[in-house]
Amino acid sequence: MSIQLEKLDNYRWRIPKTGQMRVPGLIFSSPELIKMLHKDQSLTQVANVATLPGIVKQSLAMPDIHWGYGFPIGGVAAFDLNEGIISPGGVGYDINCGCRLMTTRLSASEIGPLIKDLVSAMFKNIPSGVGSTGRIHLSKSDEANVAVQGSAWAVKNGFGVSEDLERTEDYGTMAEADPSVLSERAIKRGKDQLGTLGSGNHFLEIQVVDQVYDPEKAGVFNIREGQITVFIHSGSRGFGYQICDDFLKEISKKVIKEKFKLPDRQLACARLKSNLGKRYFAAMACAANYAWANRQILMHWAKETLLESLSISPGELGMKLLYDVCHNIAKKELHTVEGEQIVLCVHRKGATRSLPPGHHLLPEIYRKVGQPVLIPGDMGTYSYILAGTEGAMTQSFGSSCHGAGRLLSRSQATKKAQGRSIRSELEAKGIFVQSRGKKTLKEEMSDAYKDVSQVVEAVHGSGLACKVARLRPLGVIKG
Amino acid sequence: MDSDKQDFIVLNHTADSGIMVCGTDVRNLFEKAAIAMMQIMVSCKHTEKTRTIKLSLNEQDLPGLMVRWLGEILYLFAGEKEVVSGIRIDSISPSHLAATLESVPFDPDLHEILCEIKAVTYHQIQVVEKDDFWEARVIFDL
């Protein structure tokens, strides 16, 4: 299927409404990034999402859009609660995959040559890798509590402080979670994966603040040049994958019976007001809460590792959570459509919430400057801190990008890395890496991703969020 | 599991990965798809079978059956830590599949995980009969 693109300006391209599309598509991009999109099927996926019942305004794609399954990665779509749908494929298997950034009092000069030892200590203390299990083994009732309480469960059990909760999207707890809708399989897979990083593109990085773009916002975020930060990217692990799989199976059968015309079976969806739609929402919320608890625990262990490895006091380390955001989720949110305030179910599949200054959902500490928007890059370049804007509310249902976005498939990346030592290349740039998987470094090398700086410039230019600071990795652990 | 690696090709997908498999008939196609997925996920030295698992699956059509079939084998690995080492399809129709699997418990000394497959997706799923063979395309979420 060939997709027609109309350029609106240097940051926006429209896919006109044709065929079964109920609304047009809108891609936020740049002249450099848009050229890459014709190589895969992501534009067709934007058009496919536009055919779903109850979609409001437009089917959107963020500047890091790439080919996913069903929805594109970087896809955002909002649905009416009465007429609209919820789609497990519009959330993804790794429900509430997300990022968390911690600031410290340390400077890069204080870490210096200790970085290698720090990376080794993190690698030892943070369980990572395919199917990794953690140090926590949950009873069935504790697992239900994690699923309902999220980060609050972790804090109650000694992993962090109550101040962390207000520095987490939705305060680390999604309402409407109901563990009674979960399968035995999901419960089994969630039992021993809490406090694990996972594999693939998940990581923990020790970074240095490389550049500050907006000193005022950076001041509120407690960010200064030369400062050490810790960045975690992880999700709901096998617990979330199983929940998505269970409901896709059930919803897919229902769709066939109801004779919904779907352009892609992975877009299987249930009406939000149906019993099945409500059950999926309740299960998805359980996984979202599990993921928040997971990142809260990972942060706690990262802090313990720094204290122990550097032999310093908590006061000297001064580690604080800056913010935690999710980028695979469906949420009921209040938005303004044609002048009217209405609650919509916003799907963000590879997209980050971006709330503007003054938004009522923001904690007092960030209300003046907007929500911290955390954008991880690849392990060889940069990550970014941005701040939410009004532009995101008016254009993208309060959404921004979620990362660099892949450019090469894993096998293409492995092929390109043949004969190279990615580890040595990174070390030459002053980045020390430890990974568990044999192929991880090749599959995850910088060449496999778009230039995150180009993506962030497109986000900044289109007004979906504004740049605050850039972070450079010093040490990386991957699964 | 004995299989020639030429029985399938790995599809390039930007974020994920997929396979294109051919079989002489539907039964052969489903067996080969399962073998291909296992080969992508894990490599194992020869081990004795320790467990026999009977599967009986009902779905509404062949593509749905393919996703479910591979999903069950994936769950055995990801959820039960069982590496499927032998596959026999006892009967198959467009809406039903019965199979006997042999498996061994995952042992990091004997098995090497090559790739984490999070899920078998319905995205662009295809199970089709060509002139004198059957072909399937399956995309995995990595």
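**Exercise 1. Two packed helices**

At what angle do helix H4 and helix H11 of chain A pack, and how far apart are their axes? Work out how to describe the pair, then list the residues that meet.

*Solution.* Keep in mind that this is a predicted model.

Step 1: Start with the geometry. Two packed helices are described by the angle between their axes and the distance between the axes. Here H4 (residues 115–125) and H11 (residues 275–310) of chain A pack at about 135°, and their axes are 10 Å apart.

Step 2: As for handedness, H4(A) and H11(A) cross in the right-handed sense.

Step 3: Look at who touches whom. H4(A) brings A:Asp117, A:Leu118, A:Ala121, A:Met122 and A:Asn125, and these meet A:Trp301, A:Ala302, A:Thr305 and A:Ser309 of H11(A). Sorted by class, that contact has five nonpolar, three polar and one charged residues.

**Exercise 2. Walking across a sheet**

Find the order of the strands in the seven-stranded sheet of chain A, and say which strands stand at its edges.

*Solution.* 

Step 1: Get the order. The sheet is open, its pairing is mixed, and the strands of chain A run E1-E2-E3-E4-E5-E13-E12.

Step 2: Find the edges. E1 (6–9) and E12 of chain A each have a single partner strand, so one side of each has no neighbour in the sheet. On average, neighbouring strands here are turned by 40° against each other, direction ignored.

Step 3: Check some pairings. E2 (residues 12–15) and E3 (residues 25–28) of chain A are antiparallel and share four bridges, with A:Arg14 opposite A:Leu26 in E3(A). Helix H17 (residues 452–462) of chain A packs on this sheet, where it touches E2, E3 and E4 of chain A, and its direction makes about 150° with that of E4(A).

Step 4: Move over to E13(A). E5 (residues 71–80) and E13 (residues 340–349) of chain A pair in the antiparallel sense over six bridges, and A:Ala77 sits opposite A:His347 in E13(A). E12 (residues 328–337) of chain A also runs antiparallel to E13(A), joined by 10 bridges; one of the partnered residues is A:Val337, facing A:Glu340 in E13(A).

Step 5: Close the turn. E12(A) and E13(A) make a hairpin with two residues between them, and A:Glu338 in that turn has a positive phi of about 50°.

**Exercise 3. One proline in a loop**

Is A:Pro376 buried or exposed? Locate this residue and name its contacts from farther along the chain.

*Solution.* 

Step 1: Locate it. A:Pro376 lies in the loop between E15 (372–375) and E16 (383–388) of chain A.

Step 2: Count neighbours. A:Pro376 has 25 other C-beta atoms within 10 Å; the cut-off for buried is 20 or more, so A:Pro376 is buried.

Step 3: Name the contacts. Setting aside neighbours within four places in sequence, A:Pro376 is in contact with A:Cys99, A:Phe231, A:His233, A:Ser383 and A:Gly403. A:Ser234 is 142 residues from A:Pro376 along the chain, with 11 Å between their C-alpha atoms.

**Exercise 4. Where the chains touch**

How many residues does each chain put into the contact between chain A and chain B?

*Solution.* 

Step 1: Count by chain. Chain A gives 35 residues and chain B gives 26.

Step 2: E4 (59–69), H8 (184–190), H10 (237–258) and H14 (410–416) of chain A each supply at least two residues. H10(A) gives the most, with 10 residues.

Step 3: Sort by class. The chain A side has 10 nonpolar, 13 polar and 12 charged residues.

Key:
Residues numbered from 1 in each chain as written. Chains lettered and ligands numbered in written order. Predicted model: local features only at pLDDT ≥ 70, side-chain atom pairs only at ≥ 80, totals over all residues. Contact = placed C-beta atoms within 7 Å. Nonpolar A, V, L, I, M, F, W, Y, C, P; charged D, E, K, R; others polar. Axes fitted to C-alpha atoms, helices over the stretch in contact; angles between N-to-C directions. Left-handed = near helix turned anticlockwise from the far one by under 90°. Buried ≥ 20, exposed ≤ 12 C-beta atoms within 10 Å, placed from the backbone. Pairing = 2+ DSSP bridges.
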